[in-house]
Amino acid sequence: MLYSLNAVKLLNLPYEFAENGDLTVMEGMSHIPFSIARVFVVRGFDGSVRGEHAHKACTQFLTCPYGSVEVRCDDGSEVASFILDKPDVGLLLPPGIWAQQTYLIANSVLTVLCDRPYESLDYIRNYDEYKKYRNTTCNN
């Protein structure tokens with residue numbers, strides 16, 4: 001199944017603030033709509049661009065616990081951008097969506113939760129190949 005941009009969603013997470021700090025909770029199936037198989041953290045420099053790929057099968061949930069990251073999502077026909085700059089808001093990114101992240105503040109941190117382990121064959125890293133994949137899969 002190929003998803004459109006309508007399936008890309010900002011989700012609010014439980015957030016607790018106290019005088020000595022704050023806490024954001026991410027539990028699979030309670031707050032994240034999938035079982036978590038992989039978590040990784042990316043830190044970027046001001047203006048750096050990362051991502052620039054799509055997944056065939058992997059669903060991801062992106063949060064920015066520190067800094068500010070713009071996530072540009074593309075489904076082959078529409079484009080939308082989302083700003084992640086709060087620890088209690090995350091972006092649900094289903095498979096088949098091309099995503100590019102631009103780090104807007106130095107040392108911004110992106111935490112990514114995935115429903116699958118790393119699989120190199122799941123990645124589409126070339127945009128022209130991505131467009132062909134979308135056209136072929138949508139027309140079959």
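1. Start with H53: the bridge partner of H53 in β10 is A99. That contact belongs to the pairing of β5 with β10, which is antiparallel and spans four bridges. Two strands count as paired here if DSSP finds at least two bridges between them. The elements themselves are DSSP runs, helices being H or I of at least four residues and strands E of at least two, numbered from the N terminus.

2. A word on the source: this is a predicted model, in which local features need pLDDT of at least 70 and side-chain atom pairs count only at pLDDT 80 or more, while totals for chains, interfaces and linings use all residues. Residues are numbered from 1 along each chain as its sequence is written, and side-chain values use heavy atoms, with hydrogens and water left out.

3. Which order do the strands take in the open sheet of five? Reading across, the order is β8-β7-β10-β5-β12, and the pairing is antiparallel. The edges are held by β8 and β12 (123-124), each with a single partner strand, so one side of each has no neighbour in the sheet.

4. In β8 the bridge partner of E70 is I83, and in β10 the bridge partner of E70 is T102. Both pairings are antiparallel: β7 (residues 69-74) meets β8 (residues 79-84) over six bridges, and β7 meets β10 (residues 98-103) over six bridges.

5. Four residues lie between the two strands, and G76 in the turn has a positive phi of about 95°.

6. Together with L104 and I105, I83 makes a nonpolar surface patch of about 240 Å². Patches are made of residues with over 30% relative accessible area and no salt bridge, like charges being joined within 9 Å and nonpolar side chains (Val, Leu, Ile, Met, Phe, Trp, Tyr) within 5 Å. Areas come from the Shrake-Rupley method with a 1.4 Å probe, and for residues only the protein chains shown count as cover. I83 has 42% relative accessibility, so I83 counts as partly exposed (buried is under 20% relative accessible area, exposed over 50%, partly exposed in between, with a 1.4 Å probe and protein chains only).

7. Is β11 enclosed or open to the outside? Seven of its seven residues are buried, so β11 is largely enclosed by the rest of the structure. S108, L110, V112 and C114 point one way from the strand, V109, T111 and L113 point the other way, and all are buried. In a regular strand, side chains alternate between the two faces of the sheet.

8. L113 is where the neighbours of β11 come together. The bridge partner of V39 in β11 is L113, and the bridge partner of F61 in β11 is L113 too. Seven bridges join β4 to β11, running antiparallel, and β6 pairs with β11 in the antiparallel sense over five bridges. V39, in strand β4, is exposed at a relative accessible area of 51%. V39 and V112 are 73 residues apart in sequence, yet their C-alpha atoms are 5.6 Å apart.

9. The largest one has a volume of about 260 Å³ and is lined by 21 residues, with F40, G51, H53, Q60 and Q101 nearest its centre. Elements giving two or more residues to this lining are β4 (38-44), β5 (49-55), β6 (60-66), β10 and β11 (108-114). β5 gives the most, with five residues. As for terms, on a 1 Å grid over the protein atoms alone, a pocket is an open set of points with protein on both sides within 12 Å along at least five of seven lines, a cavity is a set where a 1.4 Å probe fits but cannot get out, and lining residues have an atom within 4 Å of a point. Grid points are joined across faces, edges and corners, and a volume is the space filled by probe spheres set on the points.

10. Searching the whole structure finds one cavity of 30 Å³ or more. The largest cavity has a volume of about 40 Å³, and its lining includes R38, H55, R116 and E119.

11. R116 and E119 also form a salt bridge, their closest N and O atoms being 2.8 Å apart. The rule asks for a side-chain nitrogen of Lys or Arg within 4 Å of a carboxyl oxygen of Asp or Glu, and by that rule the count comes to one. E119 is partly exposed at a relative accessible area of 29%, and R116 is partly exposed at 29%.
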